[in-house]
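Okay, thanks for coming, everyone.

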Amino acid sequence: MKMKPAEICMVLLCLSVLTFGVIGGPQTCPANLESDCNDSGEWKGEFFPEIPKIKYEVRHLVSGLTFGLGLGSGSSPESGPVPWGPSSKNPLAFKWFNAEEVILGKKMKDWFRFSVAFWHTFRGTGADPFGAPTKSWPWEDGTNSLAMAKRRMRANFEFIDKLGVDLWCFHDRDIAPDGKTLEESNANLDEVVALAKELQGSKVHPLWGTAQLFMHPRYMHGGATSSELGVYAYAAAQVKKAIEVTHYLGGENYVFWGGREGYQSLLNTDMGRELDHMARFLEAAVAYKKKIGFNGTMLIEPKPQEPTKHQYDWDAATSANFLRKYGLIGEFKLNIECNHATLSGHSCHHEVETARLNGILGNIDANTGDPQVGWDTDEFLTDIGEATKVMLSVVKNGGLAPGGFNFDAKLRRESTDVEDLFIAHISGMDTLARGLRNVAKIIEDGSLNELVRERYSSFDSEIGALIEAGKADFEFLEKKAIEWGEPKVPSAKQELAEMIFQSAL
């Protein structure tokens, strides 16, 4: 193939840009403890100098030649940017998640509203009950000092920027160290939050914030359900402050996860009194939220057990019943965590759909557990089928806003490279994006919806309408049963439904 002079110049220009970006670009000082290029006492350099901004990769075609991120070249008659998507072999690029692409009438980024969880991403150490920490990021100094908290916060926002998301989530004690007194703890939090406010600018803000009411020994009996009045008051003060800083940072939601709000044995527990106390605690939180003008959604995160034997917000149905009993159903929605769903004996799809049908689906913690392991492993969701089922319910819900998908997920103990943090999030985002694309195919095909419609078609009759309107009493139905005789029961076509679903994957 003979190239024109102008085309040769364009190729040389592309190669020079690539070479400068990879080899000869401006070198940044890495954020590690051995670095001697920081004399300010507070690191302000780059934490991930080897990681580019993560994008949905495209290849650039110039008069028959293909160029793209060092993945080879080939001939093509076209020119301009062309998506690589799933065919990309670059681990630091999205294959299925294309933020600006419109699917089912909404941009992908708006369907998902992805969020980074500060605690797993920047406080996860790889430790487990049987082993010491395995991760020591270059910027860590082994302390829980205020200076270290600020360094982590800077790393957090660089990570968010390079990943290309606008939302993050936090526990109060994960972002700032606990002090010797409540006043000192609040002062520490204020100092770190001031930096977070500066770093997040106008584009980034928390999807939600929360208070850590489970790690400190004072909360061994719970916070809102503690048998000790002083602990209840301390928990209230801590939540008050956490709501304030969430509001200050522009957070859209506030989460209650009651890891210690339950019991180990009913023999020494007044369950009724504890449930009443928890309701009063949540009522007070709602009242304070309104008092300070925080318009964010209050969320309860169900979990059946761990660390307690029985947690009061066991699953979505239990939580919905609790909210109804205490008149809180209009004040709270649910944050469904997929791994918690499986611990309660349900699928994530079941829990999301249960919350949706009760009008309280507020947010999803996107993770999963290992089916062979009976505890909360908080793995990144990579099951395409499960992601597709979850997105079926999310699409029916019209999305999750002001909620979103928070990656309450952590690297495996054996994954210790900095780039693993990015690869894990890319994989999780791509998995859910693929699920959304599959849902679009299912809706466009229409076969699954038609199968469900046909299964319940007998209720599309006049008498079916009376039943669904609550106007068919037992005497009336008895007469119809006698008139019709033994009913003919058709097949549910489950295998066909599964075949249709799998064909979309």
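So, start with the aromatics: Phe-47, Phe-48, Phe-118, Phe-122, Trp-137, Trp-139, Phe-157, Phe-159, Trp-168, Phe-170 and Phe-422 make up one aromatic cluster. Before going on, the caveats: this is a predicted model, with local features needing pLDDT of at least 70 and side-chain atom pairs counting only at pLDDT 80 or more, while totals for chains, interfaces and linings use all residues. Residues are numbered from 1 along each chain as its sequence is written, and side-chain values use heavy atoms, leaving out hydrogens and water.

Searching the whole structure gives 27 aromatic pairs; rings of Phe, Tyr and Trp (its six-membered ring) pair if their centres lie within 6.5 Å, and planes under 30 degrees apart count as stacked, over 60 as edge-to-face and the rest as tilted. Take Phe-122 and Phe-159: ring centres 5.9 Å apart, planes at 90°, so edge-to-face. Phe-122 is buried at 1% relative accessible area, and Phe-159 is buried at 0% (buried is under 20%, exposed over 50%, partly exposed in between, with a 1.4 Å probe and protein chains only).

Then there's Phe-157 with Trp-168, centres 5.3 Å apart and planes at 70°, so that's edge-to-face too. Phe-157 is buried, at 8%, and Trp-168 is buried at 0%.

Now the helices (DSSP runs of H or I, at least four residues, numbered from the N terminus). How are H14 and H17 packed? Their angle is about 160°, with axes 9 Å apart; the axes are lines fitted to C-alpha atoms over the stretch in contact, and angles run from 0 to 180 degrees between N-to-C directions.

Key. Helices (H or I, at least four residues) and strands (E, at least two) are DSSP runs, numbered from the N terminus.
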